[in-house]
Amino acid sequence: MTTRLTPAAAADRTGVSLDTLRYYEREGLIGPIRRSTGGRREYTEDDLFWIGLVTCFRDAGLGIADLRGFVAILRAEHSAQDRVAFLRERRAALEQRVAALRRALEVLDDKIAYYS
């Protein structure tokens with residue numbers, strides 16, 4: 001039997017708010033989310049995986065448009081090469097951000113040392 005979680009339980013398990021869950025669904029980043037006979041959302045482990053993936057990519061700085069593009073690639077009949085190319089492009093951009101953050105940390109460390 002498939003585990004079905006309430007929205008509150010899904011939010012608790014994934015660490016995102018109920019509003020964020022609804023937003024992700026509205027934007028087509030997750031779902032469609034199954035509904036009970038009474039119309040209430042019921043989240044599965046697969047849904048939680050997608051929420052985790054979207055959250056990770058958001059934390060990595062991907063915008064909603066990027067996420068929509070990636071979800072479209074995953075859901076359509078795109079080749080693995082298309083998926084890898086998309087991810088490599090985003091990884092390169094993230095590496096640039098990491099390098100910029102390292103430079104900023106160096107400046108902050110220099111100022112901390114100077115004022116200490």
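Me: Buried means under 20% relative accessible area, exposed over 50%, partly exposed in between (1.4 Å probe, protein chains only). Is Tyr 115 buried or exposed?

Reply: This is a predicted model: local features need pLDDT of at least 70, side-chain atom pairs count only at pLDDT 80 or more, and totals for chains, interfaces and linings use all residues. Numbering runs from 1 along each chain as its sequence is written, and side-chain values use heavy atoms, without hydrogens and water. Tyr 115 is exposed, because its relative accessibility is 65%. Tyr 114 is exposed too, at 64%.

Me: What is the relative accessible area of Val 54, and what class does that give?

Reply: Val 54 has 2%, so the class is buried.

Me: Which residues is Val 54 in contact with, leaving aside neighbours within four places in sequence?

Reply: Contact means heavy atoms within 4.5 Å. Val 54 touches Tyr 24, Leu 29, Ile 30 and Leu 67 by that rule. Take Leu 29: Val 54 and Leu 29 are 25 residues apart in sequence, yet their C-alpha atoms are 7.1 Å apart.

Me: How many aromatic pairs are there?

Reply: Rings of Phe, Tyr and Trp (its six-membered ring) pair if their centres lie within 6.5 Å; planes under 30 degrees apart are stacked, over 60 edge-to-face, the rest tilted. The count here is 4. One of them joins Phe 70 and Phe 86, which are stacked at 5.1 Å centre to centre with 25 degrees between the planes. This pair links distant parts of the chain: Phe 70 lies in helix H4 (residues 64-75), Phe 86 in helix H5, 16 residues apart. Both of these Phe residues, Phe 70 and Phe 86, are buried.

Me: What kind of pair do Tyr 114 and Tyr 115 form?

Reply: Tyr 114 and Tyr 115 are edge-to-face: 4.9 Å between centres, 80 degrees between planes.

Me: Which residues form one aromatic cluster?

Reply: Phe 57, Phe 70 and Phe 86 make up one cluster.

Me: How many salt bridges does the structure hold?

Reply: Side chains of opposite charge can pair when their charged atoms come close. The cut-off is a side-chain nitrogen of Lys or Arg within 4 Å of a carboxyl oxygen of Asp or Glu. The structure holds 9. Among them is Glu 45 with Arg 13, at 3.0 Å from N to O. Glu 45 lies in helix H3 and Arg 13 in helix H1 (residues 7-14), so this bridge ties together parts 32 residues apart in sequence. Glu 45 is partly exposed at 39%, and Arg 13 is partly exposed at 48%.

Me: Which residue does Glu 25 form a salt bridge with?

Reply: Arg 41, with the closest N and O atoms 2.6 Å apart. Glu 25 belongs to helix H2 and Arg 41 to strand S2 (residues 41-42), so parts 16 residues apart in sequence are tied together. Glu 25 is buried at 18%; Arg 41 is partly exposed at 22%.

Me: Where is the cis peptide bond from Gly 31?

Reply: The cis bond runs from Gly 31 to Pro 32, with omega near 10 degrees. Pro 32 lies in the loop between helix H2 (18-26) and strand S1 (34-35).

Methods:
Helix = DSSP H or I, 4+ residues; strand = E, 2+ residues; numbered from the N terminus.
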